[in-house]
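Dear colleague,

Please find below the structure that I am handing over to you, followed by an account of what was found in it.

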Amino acid sequence: MDHLKTQGISLPRLGLGTFRMQGDLCRAAVESALALGYRHIDTAEMYANEEAIGAAIASSGLARKDLHVTTKVWVENLAPDAIRRACDASLNKLGLDSVDLYLVHWPSRSMNLPRVFETLLKLKEEGRTRAIGVANFTLALLKTTVEEIRAPIACNQIEYHVMLDQSKVRAYLDARKIPLVAYCPLAQGRAASDETLIKIGRKHNASGAQVALKWLLEQDNVAAIPKASRKESQQANLDALTIALDDDDRRAIAQLPKDKRFVSPGFGPDWD
């Protein structure tokens, strides 16, 4: 599988998203994905599934160096001491000495951004995470983070799929060689039923969802973390990597509406 090099880590371009997967279901899904060859697992303290993921990792028999794990600090824990407590709690639940990537899950109006990154960098220096990054940061927040604070972020994880234009954020990240990690890459299931994508899929003996995922993953500097609890869906996402889209396919995809957002942008619970 292809990897993206960023801030000293190697990020597999296709990962497993685990939002809304918990308990035994989550553990089974992660065990299945690891057995199929996934090496990038995405979680967060807010998902309340880090213990299940830790159990799946422990039972996999994989060497730690062969696995990429991302987790995130929740918006309510962005004070320096709270970040430290949250990070230690996540590591304890995951059963790991460190994660590969630790993200600010959502920005908050009340956060002190310089102090947030000062704390994250200390966690990195102490070996609790190999790299730091952000999720759900707008272009304005990215500019503050990169140009004013000069934080060495390894990615911005945002909603991105065939039905949502993220060209401005992508261009900014691209120019700085910062990966975009796409969540909701299948437009919360809508890609599978879109007639344009289904038609393209027939040409390639693939599904509309696979076409949508391949469209993302053929873009420079983009990774994707589709959620998939069933082994068949996990395998289908892996198989999407083998599709070879042509220019006609890309032109047809470009004509799809690009204003379909399924997660509210902006700040966390105090967003208005």
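**Findings**

E195 is exposed, because its relative accessible area of 57% lies over the 50% cut-off. This residue belongs to helix α7, which spans residues 195-203. Please note that the model is a predicted one. From E195 to V211, 16 residues apart along the chain, the C-alpha atoms are separated by 12 Å.

V211 leads on to helix α8, as it is among the buried residues of that helix. Helix α8 is mostly covered, with ten of its ten residues buried. These are G208, A209, Q210, V211, A212, L213, K214, W215, L216 and L217. Which elements provide the cover?

Eight strands form an open sheet with parallel pairing, in the order β3-β4-β5-β6-β7-β8-β9-β10. At its edges are β3 (16-17) and β10 (222-224), each of which pairs on one side only. Helix α8, residues 208-217, packs on this sheet through contacts with β9 (180-183) and β10, and its direction makes about 145 degrees with that of β10. Within the sheet, strand β4 (residues 40-42) and strand β5 (residues 68-73) run parallel and are joined by three bridges. In this pair, D42 is found opposite T70 of β5.

For F117, the contacts beyond four places in sequence are I132, V134, F137, T145, I149, A151 and I153.

Finally, I would draw your attention to Q234, which is located in helix α9, residues 231-239. Is Q234 buried or exposed? Q234 is buried, because its relative accessible area is 0%, and the cut-off for burial is under 20%. Setting aside residues up to four places away in sequence, Q234 touches L16, A29, S32, A33, L36, Y38, A228 and S229.

With kind regards

Note on methods. Residues are numbered from 1 along each chain as its sequence is written. This is a predicted model: local features need pLDDT of at least 70, side-chain atom pairs count only at pLDDT 80 or more; totals for chains, interfaces and linings use all residues. Side-chain values use heavy atoms; hydrogens and water are left out. Helices (H or I, at least four residues) and strands (E, at least two) are DSSP runs, numbered from the N terminus. Buried means under 20% relative accessible area, exposed over 50%, partly exposed in between (1.4 Å probe, protein chains only). Contact means heavy atoms within 4.5 Å. Two strands pair if DSSP finds at least two bridges between them. Axes are lines fitted to C-alpha atoms, for helices over the stretch in contact, and angles run from 0 to 180 degrees between N-to-C directions.
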